[in-house]
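Welcome, and thanks for taking a look at this one with us. Please have the sequence and the structure open side by side as you read the notes below.

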Amino acid sequence: NYIYIVPDDKLIALKMASHLSSQGGITNTATGVEVMELTDDSLMERQKHQALLVDLEAKKRAFTVDVPTLPNDVRDALRNMGLPVRLFGENLANIRDRLRMELARRQVLQEGQVPSMDVFPPAKAPVKEEEEKVTKYTRAPPELIDAREAIAKFSLERAQQRLNVERNRRIGSKRKRALILSSSDNMVPADAFEKENQDESVEQVNRLNDECAKLYKSVGNMALEASQYGDARALSAICTSRSKVSGIPLIATGSWSGIIKLWDASSPQLDLLSEKKMAHEDRIMNIALQTPENDVTMLATVSIDLSAKLWKITSSADDEMKDSDGDASSLHIQESAHLKGHEARLCNVAFHPMGAHVATTSFDHTWRLWDVETGKEILLQDGHARETYGVGFHRDGSLCSTTDFGGVVQVWDLRTGKSVCHFSGHAKRVLCAEFSPNGFHLSTAGDDGTIKVYDLRRRKQAASIPAHSGLITQLRFANASNHAEYLASSSFDGTTKLWSTRNWKMLSTLRGHEGKVMGIDVLDNGIVTSGYDKTLKLWK
């Protein structure tokens, strides 16, 4: 054995070289020690090597690590560490083993027996020049600019009318409360004092409350009035006309066989008025009716055949008016426009309150706005990360709401084209969106069986209703003739339910379909539903 005696200055240099050798390569030169940096590949290999060492040491210790046994405790521990609660294909035992391994790995790194991966700096990525973030706008076509101007004018007039009505109601409510307080102070019965001092606004509130009480009583007693087989396959969509068509309250249905049928809602047996066979090449997903103007009612349908269609419904009293099969019919259905442009199956359709435009949603993550008269696409709007499904318009015509399979609800301002707000309260897919006639609330529902009600003034959730045990297919507010005092919902659990819009409590449950309820709409004196059992039903 030999003992080498090294001077102090050389010993210091050797120690520095030993320390630096862990960070790079060493080359002896005539002047001293030169340190060379390792390449990126070498650093990556070193990191992989250190990770393997940590895993080997962790596997040795894993058997001695104690982990919780209850599933809830295991999930809480993983959440606290920022790890997934469950990976695909894992059972409870696999989850506990993964937690045990992670705890052992952290013990090894904490004690420092094996160098941590953080000791070695990651490979330096090439420096990229930061791109300047600029908001870019696309010039709107003339048709869209004209449509936005018309929508702005229309919505401002409607909003003024709606707010005047709401303002009068609130004034009446405040005066009514003040009269009740005054009667208690004067020791006079509230009814007598109110009759002596009430004005027109208070009378309006009293009349509205009386009508609401009668409506809730009749809704609670609602029963099945009529039932009719609608098709050989499931009736996937149903809608009603807000006003009478040729003096008839109209019901329209669409089926999986691609057939459109029109029914008389006033008849005891739901008489068939007209039908259009082979309206689409595949299943009809949804259907919508436009308020009639100049005795011409427009009907819109969407299908999974990648297309939407507009139809004219006209009176066919003349002998020459026949349907496509040559049979006489009281109403005639004629194709007006074929809307093509979506790159995936279509899901939903809705007419704008102004009547000049129609919106469609699709699995291609977009929704589009079409001109009813020309059939041209005037707006293609993206903004959803998942498949877009539900669509609904504000009664003023200023806003449009769309929903997607990611649980996101977007609210768009049609006058500017901007997204004014979004909501993400649902846990699963959101399939429908409906604005309340008072203009202050937006109700949504979907796969999680709950109805969410959002306050558009505060942009917050106002109510969450655990409505159904299955998927909710559609929502509809009561007509203006009933002051929108209730909300109707249909579900795959086979039921239709009615909810008070004053306190969001359930008013009634309607059972009659043998299986899933696919759609729902409201009439002035009742409700119509369509089901997977191929029937449509009228409730009064």
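Which residue in β13 is the bridge partner of Ala-350? It is Ala-359. Do keep in mind that this is a predicted model, with a mean pLDDT of 83 for the protein chain.

**Strand β13 itself**
- β13 covers residues 357-362 and is mostly covered, with six of its six residues buried.
- His-357, Ala-359 and Thr-361 point one way from the strand, while Val-358, Thr-360 and Ser-362 point the other way.
- In a regular strand the side chains alternate between the two faces of the sheet.
- Both of these sets of side chains belong to buried residues.

- Strand β12, residues 346-351, runs antiparallel to β13 and is joined to it by five bridges.
- The two strands form a hairpin with five residues between them.
- In that turn, Gly-355 has a positive phi of about 90 degrees.

- Four residues lie between β13 and β14 in their hairpin, and His-365 in the turn has a positive phi of about 70 degrees.

- In the protein chain, 82% of residues reach a pLDDT of 70 or more.
- Over residues 10-23, pLDDT stays under 50, and the model has eight contacts beyond four places in sequence for them.
- Residues 318-328 also stay under 50, with eleven such contacts beyond four places in sequence.
- Where pLDDT is low, the predicted coordinates should not be read in detail.

Terms used:
Residues numbered from 1 in each chain as written. Predicted model: local features only at pLDDT ≥ 70, side-chain atom pairs only at ≥ 80, totals over all residues. Heavy atoms only, no water. pLDDT = per-residue confidence, 0-100. Contact = heavy atoms within 4.5 Å. Buried < 20%, exposed > 50% of the residue type's maximum accessible area, 1.4 Å probe, protein only. Pairing = 2+ DSSP bridges.
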